[in-house]
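Me: Hi! Could you walk me through how some of the helices pack in this one, and then the cavities?
Reply: Happy to. Here it is.

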Amino acid sequence: MRAETPPVLTTPGKPPVESVVAALPGEERVLRAAEKALSGETRGLRALLPFLGPAFVAAVAYVDPGNFATNIAGGAQYGYMLLWVVLGANLMAMLIQSMSAKLGIATGLNLAEVCRQRYPRAAVFGLWLQAEVIAMATDLAEFIGAAIGIHLLFPAIPLFVAGLITAVAAFGILSLQSRGFRGFEAVITVLVGVIVTAFVFEAILARPSISGVATGLLVPRFDGTESVLLGAGILGATVMPHVIYLHSALTQRRVVGATEEEQKKILRFERWDEVIAMGVAGVINIAMLTVAAAAFHGQSIGPLQGLDEAFKALGSSLGHGADIVFGLGLLASGLSSSSVGTLAGQVVMQGFIHRQIPIFLRRAITMAPALVVIAVGLDPSRALVLSQVVLSFGIPFALIPLLLFCRDRDLMGTLVNKRSTTAIATVVVAVIVSLNVFLLYLLVAGR
């Protein structure tokens, strides 16, 4: 294994591409530890530790403010009934993110870069434009979510000022990248830990029905058209397009195998990273819906129209600072997912058109629409919903190329998908894309 010498990927009819840059000083210790793990000098948890991180960054997209709104609405309206949808959605996401990580390991390129090599220039330019729109829509939801979190925790702070504070905090998180990937990954992991702690605390206070949770997880069922639509919304909005591009970039430049055997070992370690990180994200989403089911379902509080109403309802229903804890979890979600979204935007631009702008300039550009939404007084919760609709348009353009590339033996080598994996992934992609098309149709039809 070599940590710093970049391997070269050659594709028929294309120039060779270097996939890895020299390690920053803060990364060297991690890379040396990975080297020992691949050579067999270390085993067990010590061998796994250097490879943990990329999936935790990617998993942030699955616990963003949009998930807060959807899961709380599902639990409040239908109790534990839609927990099986949350579980199924998380398993689908785990498969998709695993394929994205594998693409980066096998090719030394991220998804956007492979698209640039394999597709005509016009198609690549179109893919880039839609991916940029998706990145801005993603940032809108996550930036507004963090601003709402600050405003809920400190009501004296106007929402616009909370947005400016969010921008400063996001700049601070992004600045950690100048010292290497490990510091950034550590901060994101800590913020995910805050979200976990928040909903474990909420679940303890809510005292959910164990039998109700078990039944909801294991028995697929719906109760009328509205529950089907809400279930479709939970499942259809599961996979976030920007994080599919990002995950392949996080693995392409982290630890690089010099041989196919080393690539296989790296993939095995990264799969543990994915199982742990996406498992944590799944637990958070299940806990969100479970808390809402226990605290709100069957109570005469009326439908929850936004995160602010959920904040107030938790405080009155559970007490013991449940509303404050919810606000902290929402703030951690918004800050972490917004930072990750900005990073994904960099990957998209560099990958599709081989151009890059300073990451702080990108942060300023992508947060501008969110500040405008807040400044003109538009409903933040409504803006969150509309941003999720925009995200739906981008899902096929990320999922379908990923599926096609991962089944290509000439591209993937020994890490190519097995036939069974490709078959399952095809069904998953078809389900997710179909649901998003269905939801968009309902929106256009006004239903």
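Me: Which hand does the crossing of α7 and α16 have?
Reply: α7 passes α16 in a right-handed crossing, meaning that the near helix is turned clockwise from the far one by less than a right angle. Before we go on: this is a predicted model, where local features need pLDDT of at least 70 and side-chain atom pairs count only at pLDDT 80 or more, while totals for chains, interfaces and linings use all residues. Residues are numbered from 1 along each chain as its sequence is written, and side-chain values use heavy atoms, with hydrogens and water left out.

Me: Thanks! At what angle do α7 and α16 cross?
Reply: Roughly 60°, with the axes of α7 (residues 121–153) and α16 (residues 359–375) coming within 8 Å. The two are therefore oblique to each other. Axes are lines fitted to C-alpha atoms, for helices over the stretch in contact, and angles run from 0 to 180 degrees between N-to-C directions. Under 35 degrees counts as roughly parallel, over 145 as roughly antiparallel, 65 to 115 as roughly perpendicular and the rest as oblique. The helices are DSSP runs (H or I, at least four residues), numbered from the N terminus.

Me: Which residues of α7 meet α16?
Reply: Glu132, Met136, Asp139, Leu140, Phe143, Ile144 and Ala147, with contact meaning heavy atoms within 4.5 Å. Their partners in α16 include Arg362, Arg363, Met367 and Leu371. By class, this contact of α7 with α16 has 12 nonpolar, one polar and four charged residues. Ala, Val, Leu, Ile, Met, Phe, Trp, Tyr, Cys and Pro count as nonpolar, Asp, Glu, Lys and Arg as charged, and the others, Gly among them, as polar.

Me: OK, on to α12. How does it sit against α15?
Reply: α12 packs on α15 (residues 322–353) at about 75°, with the axes 9 Å apart. They are therefore roughly perpendicular to each other. Among the contact residues are Tyr245 and Leu246 of α12 and Val347 and Phe352 of α15. That contact has 10 nonpolar, two polar and no charged residues.

Me: And what about α12 with α5, what's the angle there?
Reply: Roughly 40°, and the axes of α5 (residues 83–107) and α12 (residues 241–252) come within 7 Å. The crossing of α5 and α12 is right-handed. Ser100 and Gly104 of α5 and His247 and Thr251 of α12 are among the residues in contact. The classes here are five nonpolar, seven polar and no charged.

Me: Switching topic: how many cavities of 30 Å³ or more are there?
Reply: Two. A cavity is a set of points on a 1 Å grid over the protein atoms alone where a 1.4 Å probe fits but cannot get out, and lining residues have an atom within 4 Å of a point.

Me: What lines the second largest cavity?
Reply: Ile72, Phe199, Glu202, Met288, Val291, Ala292, Phe296, Leu314 and Phe326. The largest share, four residues, comes from α13. By class, the lining has eight nonpolar, no polar and one charged residues.

How values were computed: 1 Å grid on protein atoms, 1.4 Å probe; cavity = no way out; pocket = protein on both sides within 12 Å on 5 of 7 lines; lining within 4 Å. Points joined across faces, edges and corners; volume = space filled by probe spheres on them.
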